[in-house]
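Q: I have just opened this model and would like someone to walk me through it. Could we go slowly?

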Amino acid sequence: MDGNYILYKLILASVILLISLVVAMYSTLLERKVAGFFQDRLGPNRAGIGGIFQPLADGLKLFFKEEFMPGTADKFLYILGPSLTMMIALLTSAVIPWGNSFIINGTEYTLQVADINVGVLYVFAILSIGVYGIMIGGWASNNKYALIGAVRAASQMISYELAMSMSIIAIVMMSGTLSLKDIVDQQHGMNWNVWYQPLGFLIFIVCAFAECNRSPFDLPECETELIGGYHTEYSSMKLGFYLFAEYINMFISSAMIATLFFGGYNFPFMDSFGLSHNALTIIGSLVFFAKILFFVFFFMWVRWTLPRFRYDQLMRLGWKSLLPLAIINILITGFVIMIKNHL
Amino acid sequence: MSVSQNSDSLSGRSRVVSNKKMTFAEKIYLPAIFAGFGITISHFFKKNATIQYPEVKRPIAEIYRGKHVLKRDDEGRERCTACGLCALACPAEAITMIAAERKEDEIHLYREEKYASVYEIDMLRCIFCGLCEEACPKEAIFLTNVIVPSDLHRSNFIYGKDVLVEPVDKRVDISHRQTPEVLAFKKDKNQSHNS
C-alpha cells in the first residue's frame, strides 16, 4: 500500500464527506421548496436567487441560538447523543460505490472508499447503532416527551430493521455476494434487481422510511403529541446535528435503494455508445446521483402525501405484515434459485 | 306527541356509520397510497397561488375603504368645518377633533368660519366602515384605496392632519367613491342623515 494510494483514498473520503454534507444541506432547501410546490405555494425564495442561500441562513441561525442544557440532564450523554447520530449518519457512505473506476496511467482508482466483502453487513451494523444516538439523547434530556420519543424510536427501529434485513437477504441470495460493488456490477445495463425483487424493494423502501424516522413513520418526533420527541430539550447546533443527520440519513438511504435495487451507477444501453471506460464512469456517477435525487424527492413526496401512522398501526405493519412478507419473499427466491440450478 | 326516534335528520346530511370489512385492496393500502401520490403530484405542477407581495400587489377594488383623506375644495381650502358628525357617527370612536375659529388672514386656508385645528383618527380603532364619510355634510372626509401601513409603535397609528389632509399640489382622486348613486343618496331628503 503506497503513499499515493492512501492519499487518493483520503481525498476521496473527504470529497464524499463533503458531498454528503452539501447534499444534506440542500435537501433542507429542497424539502421546503417541494413542500411549497405540493401546497400550491413557492417555498423560501428570498435569500438569494430562488432561495439558494436559505440553508446557509438556517445554519447561521442555529449557530447563533442560545446553547441550553437542562439542569438535570446527564452532561456527557447529552452531548454524546447528537454527536453519535451525526457520526453514524456519515459512516455509511464509506462502502457505497459512488461510481465505477478511473484508469489513469494503467492504475485503477475505484470511486469507493472501502470495497469490503461484507458491505451489506457493515451498512446494517452501522444503521443499528444509529438508534443509540437518538436513545441516548432522549434519555439524557431527562424529559418525559424526549424519553417517550426515544423509546418509540428504539422499538420502531428494531422492529423495522428485521424486515429490512430480511428483504436484503433475498438480494444477497440472488447475487451470491455481500459486497456492494459486486451487487452493483451484477446489475449491468438495465438488469436491475428491482425487476426480480419488486416485493423486496417495497419492503425495503417502507423500512427505509421507518429507519430514517421520516413521515409517515415519524412517531419519535411527532410534533403534535411529543413536541419534538427525542430532541425536545435540544437547542442550537446540537438540535442542528439531529435535524441534519436526518437529512444525511435520507441521502444515504436513497443511495442504498439506488445501489441495491436500481443498478447503482449502471444505466440502460451503457455499452452501445462506445464510450471509453473513464467517460462511462463519469456518466455513471451522474446517473447514480440522479437516481439518489429522485429517491430523495420521493421521500419528500411521501411526507407530503401520507398522514402519520398510529403507534399500534406502525407495530402491526412492521411485525405482522412486513416481516412475514419478507420471509415469504426469501422462500420464493430460494425456490426459484433451486429450480434454476436444477434445470 | 313525541317525535319518532327514527325520523330523518333535519339537515338531511346524516350518514350511517359503516363498519363493513375492508376489501383486500383497501387492507394493503397501496392503491389508496398511489392515488394520493397522484393527487399531490398534480398539485406540484399547478399554478401557485402566491403573490410576491412587496413587488407585486394584489389588485384591490376601486371603492376599497382604506386610509382616510381630508379633502380641500377647488381653491385649495380645507372643507372640514369641525362639526363632529363624523366623530359622532364613528362606531369605533376613532375620531377626535378640536374646533377653532378662522382668523381674518386664514380665509384662503379654510372654507368655513370654523375649522378643525386638530383632527386625529386612531387607525388601530378604525374599522374602515365608511360611516364618517356618509355622515359628513361638507364632503370633507373620504376613504381611499390606500392601505394603512404597518408600524412598530401604537402611537404612530394616530394619524393627524399632517397625514390626513390632501396636499394642495397632489390632489387625491375620490371620484370612484362618489358615484352618482352615492351623491343622490347623500342629497336624499328622505334619509335620516339629511333631514
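Predicted model: local features only at pLDDT ≥ 70, side-chain atom pairs only at ≥ 80, totals over all residues.

Q: OK, helix α3 of chain A: why does its span agree with its 17 residues?
A: At 1.5 Å a residue, residues 75–91 should span 24 Å, and the end C-alpha atoms are 25 Å apart, which agrees. The expected span is 1.5 Å times one less than the number of residues, and helices here are DSSP runs of H or I with at least four residues, strands being runs of E with at least two, numbered from the N terminus.

Q: And where does α3(A) bend?
A: The bend, of about 25°, is at G81(A), and a proline, P82(A), follows within four residues; a bend is the angle between axes fitted to the seven residues ending at a residue and the seven starting there.

Q: Which residues of α3(A) are buried?
A: Both G81(A) and P82(A) are among them, and so are Y78(A), L84(A), T85(A), I88(A) and A89(A). Buried is said of a residue with 20 or more other C-beta atoms within 10 Å of its own, exposed of one with 12 or fewer, and partly exposed of those in between, with C-beta atoms placed from the backbone.

Q: What do the buried ones pack against?
A: They pack against α4 (119–140) and α10 (236–261) of chain A.

Q: Switching to chain B, what secondary structure does it have?
A: Chain B has six helices and five strands, and along the sequence they follow the pattern α-α-β-α-β-β-α-β-β-α-α.

Q: How much of chain B is buried?
A: Of its 195 residues, 13% count as buried. The C-alpha trace of chain B spans about 95 × 60 × 35 Å along its principal axes.

Q: Last one: how many residues of chain A are in contact with chain B?
A: Nine residues of chain A are in contact with ten residues of chain B, where contact asks that C-beta atoms, placed from the backbone, lie within 7 Å. On the chain A side, the residues divide into six nonpolar, one polar and two charged, with Ala, Val, Leu, Ile, Met, Phe, Trp, Tyr, Cys and Pro counted as nonpolar, Asp, Glu, Lys and Arg as charged, and the others, Gly among them, as polar.

Conventions. Residues numbered from 1 in each chain as written. Chains lettered and ligands numbered in written order. Contact = placed C-beta atoms within 7 Å.
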